[in-house]
Amino acid sequence: RAGLAEAFAIAGVPGQVTGMGSLFRLHMTDRPLTDYRSAYPMPEVRALMNQLFRMLLDDGIVIAPSGLGCLSTPMTEAEIDQLCETVLRALRRLRA
């Protein structure tokens, strides 16, 4: 989650990452998330998330269209680094 949050910061795109354990969720907003209502995306945020989802899918990263993803036991640091780098590239393309 820290690596994904860093990708948002480096790309200069408003966003944050929540989750617990092996689960994470990308949020394309920097407004405070305090409950499920505040985490519910506005239409423009949903459109951005959809673009990010498709970009990641095109690059071989599968997450849910809502931004939900998970890691699995066989994954190593190499796969996690690849995820973070791919998210960073996609966020940079979104910003452009």
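**Strands, sheet and helix packing**

Trainee: In the hairpin of S1 and S2, which residue takes a positive phi?

Mentor: The hairpin of strands S1 and S2 has 4 residues between the strands; a strand here is a DSSP run of E with at least two residues, numbered from the N terminus. This is a predicted model, in which local features need pLDDT of at least 70 and side-chain atom pairs count only at pLDDT 80 or more, while totals for chains, interfaces and linings use all residues. Residues are numbered from 1 along each chain as its sequence is written, and side-chain values use heavy atoms, with hydrogens and water left out. The phi near 145° in this hairpin belongs to Gly19.

Trainee: Which residue in S3 is the bridge partner of Phe24?

Mentor: S2 is also joined to S3, again by 3 bridges. These two strands run antiparallel. The partner of Phe24 in S3 is Gly69.

Trainee: Which strands stand at the edges of the sheet, and what is the average twist from one strand to the next?

Mentor: The open sheet holds 3 strands in the order S1-S2-S3, with antiparallel pairing. S1 (16-18) and S3 (68-70) each have a single partner strand, so one side of each lacks a neighbour in the sheet. The edges are therefore S1 and S3. From one strand to the next, the twist averages 30°.

Trainee: At what angle do H1 and H4 pack, and what is the handedness of their crossing?

Mentor: The axes of helices H1 (residues 2-11) and H4 lie 9 Å apart and form an angle of about 30°. A helix is a DSSP run of H or I with at least four residues, and its axis is a line fitted to C-alpha atoms over the stretch in contact, with angles from 0 to 180 degrees between N-to-C directions. H1 and H4 are therefore roughly parallel (under 35 degrees; over 145 is roughly antiparallel, 65 to 115 roughly perpendicular and the rest oblique). The crossing, with the near helix turned clockwise from the far one by less than a right angle, is right-handed.

Trainee: How are H3 and H4 oriented relative to each other, and with what handedness do they cross?

Mentor: The axes of H3 (43-58) and H4 (residues 77-95) come within 10 Å and cross at roughly 130°. That angle makes H3 oblique to H4. The handedness of their crossing is right-handed.

Definitions and conventions: Pairing = 2+ DSSP bridges.
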